[in-house]
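Okay, thanks for coming, everyone.

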Amino acid sequence: MKKVKISLSFKRLSAALLAVFGQSIITAITNNASFNNPYPVLPLLQTAVTNLVNAIAAQHPGDKASTSAVNDAKIELNRVLKALASYVEFE
């Protein structure tokens, strides 16, 4: 049996590109017959993407709090994507 290994290079993406990547994963897995019951569930991924998009929209240059919010949202989305990558590898 061939072992599948998911690349985790998405961790190095900028916040905006990570949000786009997360949304593309949602699109790819939604109603995909190969992944009937994804874990983590897709609404959790959608929430993480939405939170990152909202944090990016609220970010102000030079404002440490808004930059921290973007970084926190990025970390959360990366966590969800990593868990989903593990699920895909398992399946």
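So, let's begin at leucine 52. Setting aside neighbours within four places in sequence, leucine 52 is in contact with Ala15, Leu18, Ala19, Val70, Ala73, Lys74 and Leu77. Keep in mind that this is a predicted model.

Now zoom out a bit. Leu52 is among the residues with the most contacts inside the largest nonpolar core, along with Leu18, Leu45, Leu77 and Leu81, and that core has 20 residues. Where do they come from? α1 (15–29), α2 (42–58) and α3 each put in at least two, and α3 gives the largest share, with seven residues. As a bit of background, nonpolar side chains in soluble globular proteins tend to be buried together.

Next, how do α1 and α2 sit against each other? Their axes are 9 Å apart, and the packing angle is about 155 degrees. An angle over 145 counts as roughly antiparallel, so that's what we call α1 and α2. The crossing of α1 past α2 is left-handed. If you want to find the contact on screen, look on the α1 side for residues including Leu18, Gly22 and Ile25, and on the α2 side for residues including Leu45, Val49 and Leu52.

Last stop: serine 66, over in helix α3, which runs through residues 64–90. Is serine 66 buried or exposed? Its relative accessible area is 8%, so serine 66 is buried. What's around its side chain? A polar atom there lies 3.0 Å from the backbone nitrogen of histidine 60, and the backbone oxygen of aspartate 63 lies 3.1 Å from a polar atom of that side chain. Leaving out neighbours within four places in sequence, serine 66 is in contact with Ala58, Gln59 and His60.

How values were computed: Residues numbered from 1 in each chain as written. Predicted model: local features only at pLDDT ≥ 70, side-chain atom pairs only at ≥ 80, totals over all residues. Heavy atoms only, no water. Helix = DSSP H or I, 4+ residues; strand = E, 2+ residues; numbered from the N terminus. Buried < 20%, exposed > 50% of the residue type's maximum accessible area, 1.4 Å probe, protein only. Polar contact = N/O pair within 3.5 Å; in protein donor to acceptor, adjacent residues only side chain to side chain. Contact = heavy atoms within 4.5 Å. Core = buried A, V, L, I, M, F, W, Y, C linked by side-chain atoms within 4.5 Å. Axes fitted to C-alpha atoms, helices over the stretch in contact; angles between N-to-C directions. Parallel < 35°, antiparallel > 145°, perpendicular 65-115°, else oblique. Left-handed = near helix turned anticlockwise from the far one by under 90°.
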